[in-house]
Amino acid sequence: MIAADKLGPKYPKVKTLDQITYKQAFTVGLVQCLSLWPGFSRSGATISGGVLFGMNHRTAADFTFIMAVPIMMGASLVSVLKNWEHMEMDYLSFYVVGFISAFIFALISIRFFLALISKVKLMPFAIYRIVLAVILAIIVFL
């Protein structure tokens, strides 16, 4: 994240989702593979990749959330299929309420994050992750 803020173009050319090229989309998708490494945030990696490859922060964040939709839908489907035998229809209303509330709070969080990323860029998030990692390392290793 720090590298993206420091090394990315000062005046990005891509300011809307419509301006993203197939090459940029593919490259950001490849950067997303870094999130397979433990400790790498998928959204952090893809936003950083987008910024490094010429997108402004807001566009990179928008693209990241669009990329997340099929991933989350697939993960949810796999989870439902994997746990189907444990689900009881008596609790269907709880599943529906849980789904709706998670969806609403996700939308609120995304809107808040998109407004924030347009103003503060990636540096505060990088500092937060470093401080959190140090605190957790102290807790675990002491």
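The secondary structure of the protein comes to six helices and zero strands, and the model is a predicted one.

**Exercise 1. Describe the overall make-up of the protein: the order of its elements, the span of its C-alpha trace and the share of buried residues.**

Solution. Begin with the order of elements, which from the N terminus on reads α-α-α-α-α-α. Next take the extent of the C-alpha trace, which spans about 55 × 50 × 25 Å along its principal axes. Then turn to burial: of the 142 residues in the protein, 25% are buried. Finally, consider the contacts between residues at least 6 apart in sequence, of which 71% join residues at least 24 apart.

**Exercise 2. Determine in which helix confidence is lowest and in which it is highest.**

Solution. Start from the protein as a whole, where the mean pLDDT is 90 and 100% of the residues reach 70 or more. Among the elements, helix H5 (residues 92-120) has the lowest confidence, with a mean of 88, while helix H2 (residues 22-32) has the highest, at 94.

**Exercise 3. Compare the UniProt "transmembrane region" feature with the helix content of the model over residues 92-116 and 122-141.**

Solution. The UniProt record, an unreviewed entry, places this feature at residues 60-80, 92-116 and 122-141. Over residues 92-116 the model is 100% helix and 0% strand, with the end C-alpha atoms 36 Å apart. Over residues 122-141 the chain is 95% helix and 0% strand, and here the end C-alpha atoms are 28 Å apart.

**Exercise 4. Examine the span of H5, its buried residues and what covers them.**

Solution. First, H5 has 29 residues and reaches 41 Å from its first C-alpha to its last, which is close to the 42 Å expected at 1.5 Å a residue. Second, Phe113, Leu114 and Ile117 are buried in this helix. Third, the cover over the buried residues of H5 includes helix H3 (42-52), helix H4 (57-82) and helix H6 (123-141). Last, the residue Lys121, which follows H5, has a positive phi, near 65°.

**Exercise 5. Characterise the packing of H2 against H4 by the crossing of their axes and by the residues that meet.**

Solution. The axes of the two helices come within 12 Å and cross at roughly 65°, and the crossing of H2 and H4 is right-handed. At the level of residues, H2 contributes Ala25, Val28, Gly29 and Gln32, which meet Phe63, Met67 and Ile71 in H4.

Methods: Residues are numbered from 1 along each chain as its sequence is written. This is a predicted model: local features need pLDDT of at least 70, side-chain atom pairs count only at pLDDT 80 or more; totals for chains, interfaces and linings use all residues. Side-chain values use heavy atoms; hydrogens and water are left out. pLDDT is the predictor's confidence in each residue, from 0 to 100. Helices (H or I, at least four residues) and strands (E, at least two) are DSSP runs, numbered from the N terminus. UniProt positions are given in the numbering used here, feature names are shortened, and annotations may be inferred rather than shown by experiment. The expected span of a helix is 1.5 Å times one less than its number of residues. Buried means under 20% relative accessible area, exposed over 50%, partly exposed in between (1.4 Å probe, protein chains only). Contact means heavy atoms within 4.5 Å. Axes are lines fitted to C-alpha atoms, for helices over the stretch in contact, and angles run from 0 to 180 degrees between N-to-C directions. A crossing is left-handed if the near helix is turned anticlockwise from the far one by less than a right angle, and right-handed if clockwise.
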